[in-house]
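I opened my notebook to record what I looked up in this structure. The entries below are in the order I made them.

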Amino acid sequence: MSVAETTGKPAGAAPRRGIDLHVLGPLVALAVLVVIGILLNPNFLSYANITNVLARSAFIGIIAVGMTFVITAGGLDLSVGSMAAFIAGLMILVMNAALPFTGVSVLTILIGVATALVAGLVAGAINGLLVTKAGIEAFIVTLGTMGIYRSLVTWLADGGTLSLDFDLRGLYRPVYYDGILGVAWPIIVFAVVALLAEIAMRHTAFGRHCAAIGSNEQVARYSAVHVDRARTATYVLLGLLVGVATIMYVPRLGSASSSTGVLWELEAIAAVIIGGTMLKGGFGRVWGTVVGVLILSLIGNILNLTDLVSPYLNGAIQGVIIILAVVLQRTKRAAR
Amino acid sequence: MKMKYAFAAAGLALAAAPAMAQETATIGVSIPAATHGWAGGMNFHAQEAVDRLEETYENLDFVLTTASDPSKQVSDIEDMVATRNIDALVVLPFESEPLTGPVARVAENGTWVTVVDRGLAQDGIEDLYVAGDNPGFGRVSGEYFVENMPEGGNIVVLRGIPTTIDNERVEGFQQAIEGAGIEILAMEHGNWNRDDAFTVMQDFLSKYPDIDAVWASDDDMAVGALAAIEQAGRSDEMWVLGGAGMKEMVQRVMEEDEMIPADVTYPPAMIATAIELTALNFVSNAPVSGDFIIGSVLITPENAEDFYYPDSPF
């Protein structure tokens with residue numbers, strides 16, 4: 001990985017010889033999980049269950065797609081879970097405050113949506129600028145903002161739960177539960193975000209710059225890449241996507257509290273790494289991230305659908321599968 | 001001048017409380033931060049009790065600290081002892097084990113110690129123990145199921161964060177429904193969290209075509225379970241029993257919502273009971289040492305109004 005990448009060819013995409021486990025690893029793990037699910041419970045493949053799993057993957061999924069860019073460019077963002085909780089709380093407060101003026105209308109919801117997007121954008125920009133302009137490590141910056149957003153939502157909610165006005169929730173509810181042609185909105189949004197991000201990662205200058213910066217920042221700088229600008233952009237993009245995820249999250253339960261989005265950041269990072277993106281940066285794979293998110297959701301789903309293991313061990317099973325999925329793809333690379 | 005002050009003080013003492021100590025007593029209150037709904041309510045009631053008592057009794061001072069983890073709570077308590085020289089400590093331990101040693105050291109100095117809700121790992125440290133009744137919480141819930149499912153039926157159970165509290169509740173519940181023909185199809189941890197409960201309930205609904213009732217065992221989890229049931233369009237098939245006494249849930253009981261026919265209390269206001277009793281030790285002759293167990297009560301549409309606190313965040 002020491003070769004400077006300025007030609008736009010990601011470092012991991014070496015010529016393939018035979019079956020490349022590095023690429024297939026996550027897919028194999030996903031397929032195995034699906035087969036296990038089918039064998040263990042006949043309802044696994046039911047329309048309702050598949051919709052449930054995909055829709056609940058959407059929040060982490062949308063965030064993880066953004067995280068793929070941040071990690072590819074050699075960064076990290078630990079604040080996304082707290083940020084989602086804070087934006088959800090803010091969104092609910094703004095919509096409740098707008099209610100007396102705009103009534104139970106689509107306009108009120110649009111105000112909420114705009115709030116979420118702007119808040120996400122600003123929060124992402126703060127992280128990005130602190131990393132690039134102030135020159136503080138991403139780990140420290142986002143560890144700090146993680147605590148800040150978590151406290152802010154607790155404070156906004158007065159330690160309790162912020163709830164969206166009941167009638168307004170009725171109007172907003174379909175955004176999570178309904179969809180087109182039987183495909184729920186969160187799934188559609190997740191798919192669109194993933195598709196656009198895949199194109200951005202593979203076919204745009206931005207995607208190539210992210211990989212170049214993550215691979216070797218000095219060389220990228222000498223190659224006339226605007227390192228700071230591109231790096232800040234990855235955090236802004238991630239913040240924006242956290243806003244999008246929140247827009248899909250709030251209609252689900254219509255509430256936000258300090259327990260919203262706990263550990264989402266680690267799930268998102270795990271999904272990115274399972275998908276084949278390198279934690280130290282330099283190579284990112286958006287579709288892999290999508291597979292990673294699905295693997296994580298499926299584990300929980302399958303464990304709930306069966307009584308094979310004690311529920312106390314759910315975390316352990318998840319841990320084993322995360323490590324296995326990564327081992328599957330790394331053995332090949334180590335041999336190279 | 002001295003005489004004048006003495007008279008004034010005596011006058012005040014006579015006017016305020018008949019059996020009052022002359023010296024000012026400082027009471028330290030250390031509780032976990034408002035990291036979830038129940039704790040939020042507990043913080044609210046703690047603050048309210050402190051404000052009320054400071055107003056009522058001039059010779060009582062309070063120090064209130066909230067901790068987000070056990071080690072912060074230990075530091076809080078050490079600071080209280082070192083800098084405020086507290087005469088009494090009211091503590092709701094974040095976790096039993098790590099707090100036992102530090103609280104025991106405070107007790108050794110002769111400071112009055114009141115432990116709330118979560119007992120310490122060692123017996124006999126505290127002067128006063130105020131707690132909810134976890135096995136009773138499960139029993140009252142179980143009895144409600146037995147009473148309302150005379151022919152038996154299938155239920156699913158959402159459990160809290162794996163802890164002694166959760167185990168005691170579930171054991172109490174299982175004992176209460178024994179032999180009543182009620183079958184527990186599955187139990188899974190929803191971690192007292194709305195989102196987790198929503199996910200678990202969705203999966204229960206996929207797995208079991210026939211569910212007659214849900215013991216959500218907590219009001220936050222009930223909110224998540226209700227959303228999942230509504231999504232599956234199976235609202236008319238089952239009802240949900242939560243627990244704790246969240247105001248939104250109490251309100252739905254009050255309005256005779258068919259899906260939320262009742263609730264079971266586990267009042268966060270027990271912290272106020274503990275603070276009040278501790279204060280009594282310093283301002284009256286009433287003996288307050290011992291155990292004070294607050295029973296779990298069934299909230300039904302008839303009595304719901306008594307349990308509804310619109311100002312509380314929980």
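**Entry 1: the kind of model**

I am working with a predicted model. I kept that in mind for every entry below.

**Entry 2: the record**

I checked UniProt for chain B. The record, an unreviewed entry, places the feature "domain: Periplasmic binding protein" at residues 27-273 of chain B. I then looked at that stretch in the model. Over residues 27-273, chain B is 47% helix and 21% strand.

**Entry 3: two domains**

How is chain B divided? I found domain 1 at 2-132 + 268-294 and domain 2 at 134-264. I noted that domain 1 of chain B is written as two segments. The centres of domain 1 and domain 2 of chain B, taken over C-alpha atoms, are separated by 35 Å.

Next I looked at where the domains touch. In chain B, 4 residues of domain 1 are in contact with 6 residues of domain 2. On the domain 1 side, I listed 1 nonpolar residue, 3 polar residues and no charged ones.

**Entry 4: the sheet of 6 strands**

I traced an open sheet of 6 strands in chain B. Its order is 2-1-3-4-5-11, and the pairing is parallel. Which strands sit at the edges? They are strand 2 (60-67) and strand 11 (290-294) of chain B, and each pairs on one side only. From one strand to the next, the twist averages 15°.

I then followed one pair in this sheet. Strand 1 (residues 25-32) and strand 2 of chain B run parallel and are joined by 8 bridges. I picked out B:Gly28, which stands opposite B:Val63 in strand 2 of chain B.

**Entry 5: the sheet of 4 strands**

Chain B also has an open sheet of 4 strands, in the order 7-6-8-9. The pairing here is parallel. Strand 7 (182-189) and strand 9 (239-241) of chain B are the edge strands, each with pairing on one side only. The twist averages 20° from one strand to the next.

Again I followed one pair. Strand 6 (residues 153-159) and strand 7 of chain B pair in the parallel sense over 7 bridges. Across this pair, B:Ile155 stands opposite B:Ile184 in strand 7 of chain B. What lies between these strands in the β-α-β unit? I found helix 6 (residues 164-177) of chain B, and the unit is right-handed.

**Entry 6: where chain B touches chain A**

Last, I looked at the two chains together. I noted 29 residues of chain B in contact with 27 residues of chain A. On the chain B side, helix 2 (37-56), strand 7, helix 7 (194-207) and helix 8 (219-232) each supply at least two residues. Which element of chain B gives the most? Helix 7 of chain B does, with 8 residues. The chain B side divides into 12 nonpolar, 13 polar and 4 charged residues.

Methods:
Residues are numbered from 1 along each chain as its sequence is written. Chains are lettered from A and ligands numbered from 1 in the order in which they are written. This is a predicted model: local features need pLDDT of at least 70, side-chain atom pairs count only at pLDDT 80 or more; totals for chains, interfaces and linings use all residues. Two strands pair if DSSP finds at least two bridges between them. Axes are lines fitted to C-alpha atoms, for helices over the stretch in contact, and angles run from 0 to 180 degrees between N-to-C directions. UniProt positions are given in the numbering used here, feature names are shortened, and annotations may be inferred rather than shown by experiment. Domain bounds come from an automatic or database domain assignment. Two residues are in contact if their C-beta atoms, placed from the backbone, lie within 7 Å. Ala, Val, Leu, Ile, Met, Phe, Trp, Tyr, Cys and Pro count as nonpolar, Asp, Glu, Lys and Arg as charged, and the others, Gly among them, as polar. A crossover is right-handed if, with the strands pointing away from the viewer, the path from the first strand over the helix to the second runs clockwise.
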